[in-house]
Amino acid sequence: MIKVEGLSKSFNDNKVLENVDLTIENGEIVSIIGPSGTGKTTLLRCINYLERPDKGKVTIDDLTVDADNPSKKDIHGLCLRSGMVFQSYNLFHNKTVLENVMEAQVIVKKRSRKEARERALEELKKVGMLDWKDHYPSQLSGGQQQRVAIARAISMDPSILLLDEPTSALDPELTKEVQQTIRNIAKDGMTMLIVTHEIEFARELCNRIVFMDEGHIVEQGTPKEIFSNPKEERTKKFIQFLFPQDYQIYI
Amino acid sequence: MNFSWEFVLDTIKYVAMAIPMTMLLTFIPVTVGLMLGFLLAVTRIRKIPVLTQIITVYNSFFRSIPLVVLFFLVYYGLPKAINYMFHDGMRVVSIKHLNNNAVAIVTLILYAAAFLGEIVRGALSSVDMKQKEAATALGMTGWQTYIRIIIPQAIIVALPNYFNFVLALLKGTSVVFTISVVDMMSAAKLRAEYGYRYVEAYVLVGFFYIVFSILFSRIFLAIERNAKRHMGQTI
Ligand SMILES: Nc1ncnc2c1ncn2[C@@H]1O[C@H](COP(=O)(O)OP(=O)(O)OP(=O)(O)O)[C@@H](O)[C@H]1O
Ligand SMILES: [Mg+2]
């Protein structure tokens with residue numbers, strides 16, 4: 001289970017997150033949607049302290065970290081309990097696909113190389129990248145790199161996978177293959193929090209949609225509640241903006 | 001024209017005996033200078049106040065001054081500086097009291113550090129730092145990330161510039177005759193003056209420099225190729 005309580009974050013005078021509360025149960029798949037610049041990425045990055053929040057608590061499983069006095073060990077603990085998939089993949093350029101997936105298993109989890117290798121091969125198979133295990137990131141398409149990045153994150157056994165617009169840098173064909181990979185991971189019961197602009201994908205994959213605007217969570221509910229029956233005015237506007245005119249058709 | 005092959009053959013052994021000195025003058029500075037340069041680069045990247053400004057001045061001094069001027073300055077200036085600092089300006093120490101070889105090596109280390117620091121800085125800042133975020137998110141520490149991810153990539157970027165500097169310094173060391181250090185060039189010069197055979201001596205020593213330059217650039221190119229392969233690139 002992950003729980004965010006009273007999370008606030010400003011950059012200089014720019015209040016990006018204000019008092020955000022969010023709970024995600026094990027096995028849930030939650031998507032955050034909302035206009036550009038409303039703090040979706042920042043929220044994700046505050047959960048594993050890539051960005052240090054100003055205020056609030058983050059809980060993942062047994063570990064609660066308060067922004068008032070987080071120790072290095074606490075922050076490390078959050079990173080161990082979460083996995084992150086970035087918009088720009090961020091694979092290690094000097095490592096092969098296989099080494100990318102093994103690296104943190106060996107260095108951080110202290111698994112033996114043999115064990116790490118077996119696990120890496122298993123995850124690469126799952127994301128359909130086994131044949132590419134000896135290639136370097138520079139030799140892969142964006143979609144392939146993202147699938148490796150997903151395998152790399154999953155191999156660390158995170159309690160939750162955080163995905164920040166995992167397909168927004170990809171063209172439609174590659175977007176599909178990465179989305180299929182994410183669906184497969186979902187079937188295995190991985191808890192996920194996904195920021196995405198791919199509304200169709202979010203609708204069919206997620207248990208819950210969270211709509212954010214200007215640093216607040218405005219409304220959350222099942223895809224059906226949010227897309228066909230939004231309560232808040234701002235949500236309605238956003239949905240209408242996404243599906244102009246005949247947006248009902250999509251639902 | 002009277003070109004004495006006999007003199008050339010005779011001089012080979014004198015120049016050859018000075019090879020180790022030329023190699024020491026090249027490879028000690030590019031090794032120690034690299035470590036020093038790394039510290040300079042990190043200090044500049046982290047923008048540590050005061051030190052960063054000092055390093056900027058240091059770099060532009062050593063990168064702007066010709067080596068031969070630097071060595072003359074050391075030759076005439078260093079004893080003076082020591083006398084002013086420790087002996088109230090009395091002429092106690094002269095260049096004869098100093099170990100010229102050591103002075104040359106230290107000077108070249110300081111010179112190399114300025115160049116190599118800039119090369120390292122450029123290489124480090126060319127590495128995509130989003131990888132560092134990914135590593136942090138995976139639970140790797142800053143050190144682990146630098147040692148295993150960032151620095152290996154920076155090395156690959158830095159290698160061509162680094163090796164260029166090594167080759168330039170190999171030739172640059174030939175000015176140490178100004179402070180009476182006996183490297184290949186000095187050895188040739190001494191023989192030339194001894195036998196009044198200048199052309200022969202300098203043709204010979206020029207040949208030595210060319211051979212070593214070609215040899216090392218071959219080796220360096222092979223190393224670069226091999227390193228690039230470790231990032232899935234080909235030259
Ligand atoms: N490191 C930073 N320094 C300063 N301002 C930042 C930083 N990161 C984000 N911001 C600002 O915070 C606000 C929210 O950014 P964030 O990236 O979280 O939005 P987002 O909802 O993910 O937007 P998008 O849909 O475009 O990705 C923006 O106004 C942005 O300019
Ligand atoms: Mg974003």
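Q: Which residues surround ligand 1 in this predicted model?
A: The model is predicted. In chain A, ligand 1 is surrounded by A:Phe11, A:Asn14, A:Val16, A:Ser36, A:Gly37, A:Thr38, A:Gly39, A:Lys40, A:Thr41, A:Thr42, A:Glu165 and A:His197.

Q: What makes the pair between A:Glu165 and ligand 1 a polar contact?
A: The cut-off for a pair of N or O atoms is 3.5 Å. A polar side-chain atom of A:Glu165 lies 3.2 Å from an oxygen atom of ligand 1. That is within the cut-off, so the pair counts.

Q: How much of ligand 1 does the protein cover?
A: On its own, ligand 1 has 620 Å² of accessible area, and the protein covers 61% of that.

Q: Which elements give two or more residues to the shell around ligand 1?
A: They are strand 2 (14-24) and helix 1 (40-47) of chain A. Helix 1 gives the largest share, 3 residues.

Q: Why is A:Arg111 called buried?
A: Buried means under 20% relative accessible area. A:Arg111 has 13%, so it counts as buried.

Q: Where is A:Arg111 placed?
A: A:Arg111 is in the loop between helix 3 (97-107) and helix 4 (113-126) of chain A.

Q: How do you know that the side chains of A:Arg111 and A:Asp157 make a polar contact?
A: Their polar atoms are 2.7 Å apart. The limit is 3.5 Å, so this pair passes on distance. The side chain of A:Arg111 also reaches the backbone oxygen of A:Ser155, at 2.8 Å.

Definitions and conventions:
Residues numbered from 1 in each chain as written. Chains lettered and ligands numbered in written order. Predicted model: local features only at pLDDT ≥ 70, side-chain atom pairs only at ≥ 80, totals over all residues. Heavy atoms only, no water. Near = heavy atom within 4 Å. Polar contact = N/O pair within 3.5 Å; in protein donor to acceptor, adjacent residues only side chain to side chain. Areas by Shrake-Rupley, 256 points an atom, 1.4 Å probe, with all protein chains shown as cover. Helix = DSSP H or I, 4+ residues; strand = E, 2+ residues; numbered from the N terminus. Buried < 20%, exposed > 50% of the residue type's maximum accessible area, 1.4 Å probe, protein only.
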